[in-house]
Amino acid sequence: MVALLMVLLSSVLVTTVVLAHMPQWRPFVAPTDIFGGARIIAIVCLVAVPVVALLGWLLARFVLAPWHLEYLRTPALVAIVLIVVPLLDVALRHRHAILPQQPGFALVMSTNTALLGIALITDLRGATFGVAILVAVGGAVALALLLLAFAALYERLQHADVPVVFREAPLALVTAGIMALAFMGFSGLIQE
Amino acid sequence: MAKPGVRGGLRLDAHKERSTAQALRAASPAKTLVLPLDQHAGAPAVPLIKPGERVLCGQPIAEPGGTVSAWLHSPASGTIAAIEPRPAPHRLGAPSLSIVVANDGRDERHAESARAAFDQLSPEQLRELIARGGIVGLGGAVFPTAAKLNSALRVQDLRLLINGAECEPYISCDDMLMRERARDIVFGARVLLHALTAQSCVVAIEDDTPQAAAALEAAIADAHDGRIQLRRVASIYPAGGERQLITAIFDVEVPSGALPADVNTVCLNVGTAAAVAHWIRDAQPLTSRIVTVTGDGVLEQRNLDVPLGTPLAALIYDCGGYTSRMSRLIMGGSMMGQSLPHDDMPVIKATNCIIAASALDLQPRAAEMPCIRCGNCSEVCPAVLLPQQLHWYAAARDLDALEMYGLADCIECGCCDYVCPSQIPLAECFRDMKPALNERLAARSSADAARARFEARTARLERIESEQLAALAKKRQELTKKSS
Amino acid sequence: MTAPLPFATAPAPHVVAPSSVGRVMRQVLYALVPTVALHVVFFGPGLLIQIVLGVVTALAAEAAALRLRGKPLPPFLLDGSAIITAVLLALCLPPLAPWWLVVSGVAFAILLAKHLFGGLGANPFNPAMVGYAVLLVSFPARLLQWLPPNVAGFEPAALSFGETLTTIFTGMPPARFTWDAITSPTPLDALRTDLALGMTMGEAHANALFSAFGGRGWEWINLATLAGGGWLLALRIIRWQIPVAMLTALFVCASIMSAADPGEYAGPLFHLTSGASLLGAFFIATDPVSAATSGRGKLIYGAGIGVLTYVIRTWGGYPDGVAFAVLIMNLAVPLIDRYTIPRIYGHAR
Amino acid sequence: MLPALLTMVALAAAAGAAAALATRRSNEDKERLIDEIDALLPQTQCGRCTFSGCRPYAAALANGEANIDQCPPGGNATATALAKMLGHEPRPVDPRYGSVPARPLVAWIDESACIGCVKCIQACPVDAIVGASRFMHTVIAAQCTGCELCIPPCPVDCIVMRPAPA
């Protein structure tokens, strides 16, 4: 449980810092800011992570396992991410949720889904279909919420009178550290 | 949550009994009267007279300088001493072009032509007549009344709201007016109903003014006019704010950026209604108004009927002069009034109250501390804004966020400021940020308008070109036909 | 007429309520007096020493941070917020905890959790709870060495003030005692140990630490906290939403679980009156800087803390969950605030 | 070996197809992007960006054929907004395209010198000049965007830029 949360946290940290510092990676328009970007990515995560997990599970179960190709699990999962994310990109553009623009969106997304998907799949060796889906959906919801919360927090800190040397990345790291501390409270909740 | 209703606000110490203890009296005439030409909202008025000319009391001395502007009348008989820039209270002491009348004290009245009873006139004629009386909103916004009536007429089924809810502390001029001249208010309301062809009128007052309520009830009963009714609202500042009052009385909210007319309402101050009555019934244009002189810094705290243009110094002298504790001169109430740098300025149409404040009236501000996000400000905000967020983004000059959090809807009532434990001057901070935001909104709308004109022009040029091409082709065809 | 009198001008409004941050913080401190007093009655003078140590550390850390950041000292040093952080943290520590525990915890809270984020008003996490969580994660054993309550039925090792002082500063009990002789787990800790050993609720409750409601002694301390919280509510220093939402959520969770299996789960009253439930509800979660601001936001925030507290207490690895629950909900506050912006007057929803 | 190869090739092919689909931008997408960019521009239609108007500049930006620092009337605010939207590094307006006015200027016609040639009226992109042939012309200050396009055509040089009235 804590291990999973830490993986989510690191993923969120990377995403937010990327959104804040690499505007060219932002997949959205001006009025939407760090939080706006986080919101789109959160929505995408909610859809993409379960889909990736599901496809990964099916692939592992019905293709890789019968042919004894377990060693291909990670590259196969990355490939699945690369299939799912652009398709989602197309779908979102069609629904006018994002502007048709830079390639950053797919990049940020694939980093996230890949990270999480790999974490999930390593966690789920031998899990049944139901458990796999449950954990995938739970992880996606947790990731989405965390991402939104962290982005909102990060935005609130933008105008704070933070000592100069701690601005930006150091502060994000300290914040993530305190968050990790808070998540220690969950230790022992689920026997790992 | 979506249900409209008055939210926020504060119960404040009213400090009104100090100035309502004594009856209304006329102020002693001043020797010189100073009348700024831009004392109303809209375009400045244009003088009709030259320096040295003799004028009579009530004679028009300046005419409207635009569609939204107002007439100006001489408050006394005498000669025009000058037309020159003089310090003006609405500009916080900065000079503004003014007509200076030297009062000869003879009080000769300008003869108005006899006129028919108001219900003999058509609404259009009546509105035109109201405009000629120089009547503007006397609640403080000084918007020309006739312009307000005319612009409201684009809406059907108007209802009239006469605002007697004088919510701001210290001010009692409307309370005094309602006590002593309730009949004028009711008469004015009937005139305005006719001018608007409206069918109902609510006179709204606060529930802590029993004498005014009794006087108005009697006057309404005497008028035998079933269209007019009296309604009381809780005396929670800012109950008398136009939008807040409309919500309290009619249970609708005025949409952001819209006018009361958009919810079928015309809201006018009781003083405005009384001024309309004086003009239409008694042929007295707006040359004087009731002013509350109060505060611990003046000897005699009371309400006076003051000719416009009377210097504040003369008015204070009339009330016994300053006390030794006098420290701050405020035009308006203690929440929204403006602090004036000196008293060599005239009473204008917007002057409802002069507070000569001493340290006993003022609460010294403690040192400003950072916001601790206690949220008291958002609880009292009548516009349901989040002042703590606005302050946060105003400090960072983040116009995007200020727009999103609704700075444009701030009514600058000062409630947030009043309750802030960190003693942050929030109202001032918002007043400072508003021009930048307005400039940005204006730039956006003018860009939109320019785009529309450009597109219209492009379309027109294309159409003309295609028409010319078509005509050319037609001609060529005819020529070939002829030659063949 | 003579030359015009010049008057000093000032922006409106000209009258403001006579309140200040220092006053708000002082009233919170006064409201904590009954809790501290009863704490001393039941657990000896250790808490007072911890508070003194904590306050001195807090002021020193605050002064150092302000100096480093180039801020004026007096207004911020005297605003009392650092003192509240120290007192709340001291209240969470065992009365005989070694001195370096409270000192490092408070220093961590003030320097890292408060000033790193911009000082007063800008810290997204409750500093006292950050300090406590750091200590709990780093030195769990030290934080569980609580004392038995000074009530009939116990033979509490009555330590004198001097002995308490030496114990705190040397980290060793007086020579005539061993640690085991003078310490005792808190009721929450005792309960989780007993349940882990396979006892039922009934058997666990036979322990002399428990009374009809919760832990003996603790029930009175909590009553004092309730009184202090009520006073703050009456003064409108805090609003009802957070305490009510948090306690209701805790009550509902505990009721459902204990109704489902009374042998396995403690009842709602036990949860409300033990651990830091009430202190958390009235004094910790209501810290305005790190809490949600709108009414609805406060309800969500409080309820979140209640549920998380119950979950962590019941199934997690630590005996009490208030600190972690508060920190997790602190993290969610900017998000809650964003989605509970009230509808502005005259705007469509 | 073969199954492994087959699996990975199949997955890679699918990923390639998805990427190809994603990189194709429909016309509708492009129009929407141009509209969004156009909304940020000041609509002076002055052409100082070297394009024939604001929307052509927006189209060039959307196609990656122009830089964000080419709009002097919009000033640094517009440049920053464009940078934010398009994910470029924010930078001030390039002085080669013209200087950023400190405060908004509008055209003003010296009516005593105007000969009523209507050339400026034809030049104005936003119909802000009124007048008829052989009658003097006037700029409607509230509608003038300050594009300066009316200045070169005037045969008697009677148009000057002045600060906009308050």
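Before going on, a word on the model and its labels. This is a predicted model, in which local features need pLDDT of at least 70 and side-chain atom pairs count only at pLDDT 80 or more, while totals for chains, interfaces and linings use all residues. Residues are numbered from 1 along each chain as its sequence is written, and chains are lettered from A and ligands numbered from 1 in the order in which they are written.

## How the chains meet

Of the five pairs of chains in contact, chains B and C share the most contacts. Chain C and chain D, on the other hand, do not touch, and their nearest C-alpha atoms are 22 Å apart.

Helices (H or I, at least four residues) and strands (E, at least two) are DSSP runs, numbered from the N terminus. Two strands pair if DSSP finds at least two bridges between them.

Let us start with the open sheet of four strands in chain B, which has the order β11-β10-β9-β12 and parallel pairing. The strands β11 (228-233) and β12 (265-269) of chain B stand at its edges with a single partner strand each, so one side of each is left without a neighbour in the sheet. On average, neighbouring strands of this sheet are turned by 25 degrees against each other, direction ignored. For angles, axes are lines fitted to C-alpha atoms, for helices over the stretch in contact, and angles run from 0 to 180 degrees between N-to-C directions.

Within this sheet, five bridges join strand β9 (residues 159-164) of chain B to β12(B), and the two run parallel. To find one pair by eye, look for B:Leu160, whose bridge partner in β12(B) is B:Val266. Helix α5 (residues 182-196) of chain B packs on the sheet and touches β9, β10 (201-206), β11 and β12 of chain B. The direction of α5 makes about 150 degrees with that of β9(B).

Chain B also has an open sheet of six strands, in the order β1-β14-β13-β17-β15-β16, with mixed pairing. At its edges stand β1 (25-26) and β16 (338-340) of chain B, each with a single partner strand, so one side of each is left without a neighbour in the sheet. Strand β13 (residues 288-294) of chain B is joined by three bridges to strand β17 (residues 353-358) of chain B, and they run parallel. Here B:Thr292 stands opposite B:Cys353 in β17(B). Helix α4 (residues 173-180) of chain B packs on this sheet, touching β13, β14 (302-307) and β17 of chain B, and its direction makes about 125 degrees with that of β13(B).

## Backbone details

| Cis peptide bond | Omega |
|---|---|
| B:Tyr237 and B:Pro238 | about -5 degrees |
| C:Ala12 and C:Pro13 | about -5 degrees |

B:Pro238 is found in the loop between β11 and α7 (242-250) of chain B, while C:Pro13 sits in the segment before α1 (21-43) of chain C.

Positive phi values in residues other than glycine are worth a look too. Phi is near 45 degrees for B:Val142, a residue in the loop between α2 (123-132) and α3 (145-152) of chain B. Phi is near 60 degrees for D:Gln45, which lies in the loop between α2 (27-40) and α3 (54-62) of chain D.

Are B:Val142 and D:Gln45 buried or exposed? A residue is buried if 20 or more other C-beta atoms lie within 10 Å of its own, exposed if 12 or fewer, and partly exposed in between, with C-beta atoms placed from the backbone. B:Val142 counts as buried because it has 21 C-beta neighbours inside 10 Å, and D:Gln45 counts as buried with 26.

## A glance at chain A

Chain A has six helices and zero strands. Of its 192 residues, 49% count as buried.

Notes: Contact = placed C-beta atoms within 7 Å.
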